[in-house]
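Please look over the sequence and the model shown here, and keep both in view while you read the paragraphs that follow.

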Amino acid sequence: MSKLKLNIQDTFNKELPADPITENYTRQVKEACFSYVKPKTTSKPSLIHVSEEMLRELGLTPEDAKTDDFLNVFTGNKVLPNTKPYAMCYGGHQFGNWAGQLGDGRAINLAEVVHQDKRWALQLKGAGETPYSRSADGLAVLRSSIREYLCSEAMFHLGVPTTRALSLALTGDNVLRDMMYNGNPEFEKGAVLCRVAPTFIRFGNFEIHAAREDHATLKKLADYTIKHFYPHLGEPSKETYVKLFKEIARKTLETIIHWQRVGFVHGVLNTDNMSVLGLTIDYGPYGWLEGFDFGWTPNTTDATHKRYRFGNQPNIGLWNLYQLANALYPLINETKGLEDALNAYKEDFEVKSLEMMRKKLGLFTSEEKEDTTLTMQLEELLENNEIDMTLFFRNLSTFKKQNPEKGAKLIEEAFYFPAELEGDVLKKWNAWFELYAIRLKNEKLNDEERKKKMNTINPKYVLRNYMAQLAIDAANNGDYSLVDELYDLLKRPYDEQPEHEKWFVKRPDWARHKIGCSMLSCSS
């Protein structure tokens, strides 16, 4: 018997249709929402880090995390009593094209835990093959696991809807990976991550059944989603399915606006990477803006077309919602409600995007027509030179409306090439600061009040790729101190933390083109 006292209340694998085949081999899974599968045992597992926050959320203690039961359960070597682990079946559009069945190829859901009226699904990532692994091994490596562990927790503390992470562990096994897909595979340290969310249902879970015209399973999944995650919408009906879509669209937009606010680029916004709860899910080749650049993407696979670039994320959210609308249509058989929700997304984006930018600029107490021009002019200036987004907006909070001529000096630190801040460039910035100062005079907050509020919107610390890479390099040598340091740093991203000032800097030159620090592959 497990000594872990978890209030397990499984629903997904009890209320939805299961794959009748129980053997674990690659196949097309029809008329089912999941397949039962056990995690692969690991040779010599060891924990690297455990989130005490998530332990508490699950009703566990730090002492529980030190037990053999915890180690074995959350590295795949032991199955919790009275549970049946499973992998989800879903499809998806990848880079705009229908990819057919995808599914949990390297993720296995262990159980659902309810604590203090919150439901949490526990999922191991990197726990071995499933029927959806296609030609892959279902395993994960240390570098990608560290990136997801740190980033999901960092995003939560930034106030961005996200999946969470409970634990990070080494498996003791080596995994063969071709990191840059260039024909040079190497063995890397294997790892397994336990990630946590109320549910891991994605747009693609609906798409696969709609594509196969399996409307019975589609309805069961929609009804299940409403019952457990949107019960306030009422009993399932055509009207309720429309309401469900509207809620998903609203939450999707809310999350993407947060991404734009903090400069996060997901990198792989395929429909199978979109949560029906509007959570940020699947941290692969993500990245944070260094220089402010609407055209930047961190994904090597996307380097040519830049479909998932920073400035296009809101449009991709809308495109993906169209695919979900198509998937839900067979349950509704009318387009008006779905079209209304999609149109509302477009309109709300304009409103909420400007609202977000106003807050980043410290415009909290009034709205003016000129605000749109002010923000557009700023974005143009930011794009014309390589200017660090995080440093720029954080330092902007120290601007004094009485001294607009000092504005350029405040932002100089954010320029990757400070010598550019002269001549016409300086003249344009000074002109903008003059307009900004005039606009601030219409605000009711004084400079100190404005600074305080701006510093709750504009983070001082984000998980830049070079920071994650430093932690990965050290961890590969058995040193996990940087994982610990960054984890603690990123729990308070809006605080000054003077003891961590070394992380409030531009990306160093050595990281500009280094693998893992600039562009990343989908295996990242």
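In which loop does Asn82 lie? Asn82 sits in the loop between helix H3 (68-73) and strand E3 (86-88), where helices (H or I, at least four residues) and strands (E, at least two) are DSSP runs, numbered from the N terminus. This is a predicted model, in which local features need pLDDT of at least 70 and side-chain atom pairs count only at pLDDT 80 or more, while totals for chains, interfaces and linings use all residues. Residues are numbered from 1 along each chain as its sequence is written, and side-chain values use heavy atoms, with hydrogens and water left out.

Asn82 has a positive phi of about 60°, although it is not a glycine. Most residues other than glycine have a negative phi. With a relative accessibility of 76%, Asn82 counts as exposed; here buried means under 20% relative accessible area, exposed means over 50%, and partly exposed is in between (1.4 Å probe, protein chains only). Asp117 also has a positive phi, near 65°, and is a residue other than glycine. Asp117 lies in the loop between E6 and E7 and is exposed, with a relative accessible area of 80%.

A further positive phi, of about 50°, belongs to Phe95, which is in the turn of a hairpin formed by E4 and E5 with two residues between them. Strand E4 (residues 91-94) and strand E5 (residues 97-101) run antiparallel and are joined by three bridges, and two strands pair if DSSP finds at least two bridges between them. What does Asn270 touch, not counting residues up to four places away in sequence? Asn270 touches His93, Gln94, Phe95, Tyr308 and Asn320 under that condition, a contact being heavy atoms within 4.5 Å. The loop between strand E11 (264-265) and strand E12 (287-288) holds Asn270, which is buried, with a relative accessible area of 3%. A polar atom of the side chain of Asn270 lies 2.7 Å from the backbone nitrogen of Phe95.

We can turn next to a helix and its surroundings. Helix H6 (residues 215-229) has 15 residues and reaches 21 Å from its first C-alpha to its last, close to the 21 Å expected at 1.5 Å a residue; the expected span is 1.5 Å times one less than the number of residues. Among the buried residues of H6 are Leu218, Leu221, Tyr224, Ile226 and Phe229. The buried residues of H6 are covered by parts that include helix H1 (12-15), strand E6 (107-115), E7, helix H5 (203-211), helix H7 (238-262) and helix H8 (313-332).

Charged side chains form another theme. A salt bridge is a side-chain nitrogen of Lys or Arg within 4 Å of a carboxyl oxygen of Asp or Glu, and by this rule the count comes to 37 salt bridges. In one of them, Lys118 is joined to Glu57, with the closest N and O atoms 3.4 Å apart. Lys118 lies in strand E7 (residues 118-125) and Glu57 in helix H2 (residues 52-58), so this pair ties together parts that are 61 residues apart in sequence. Lys118 is partly exposed, with a relative accessible area of 40%, and Glu57 is partly exposed at 21%.

Arg177 and Asp137 also meet through their side chains in a salt bridge, at 2.9 Å from N to O. This pair links distant parts of the chain, 40 residues apart, with Arg177 in strand E9 (residues 164-177) and Asp137 in the loop between E7 and strand E8 (140-141). Arg177 is buried, with a relative accessible area of 17%, whereas Asp137 is partly exposed at 27% relative accessibility. Elsewhere, Arg358, Glu367, Glu368, Asp371, Arg439 and Glu443 are linked in a network of salt bridges.

How many disulfides does a search of the whole structure find? The search finds zero, where a disulfide is a pair of cysteine sulfur atoms within 2.5 Å. The cysteine sulfur closest to that of Cys33 is in Cys89, and the 7.6 Å between them is too far for a bond. Cys33 is buried, with 2% relative accessibility, and Cys89 is buried as well, with a relative accessible area of 0%.

Definitions and conventions. A polar contact is a pair of N or O atoms within 3.5 Å; within protein, one must be able to donate a hydrogen and the other to accept it, and residues adjacent in sequence count only if both atoms are side-chain atoms.
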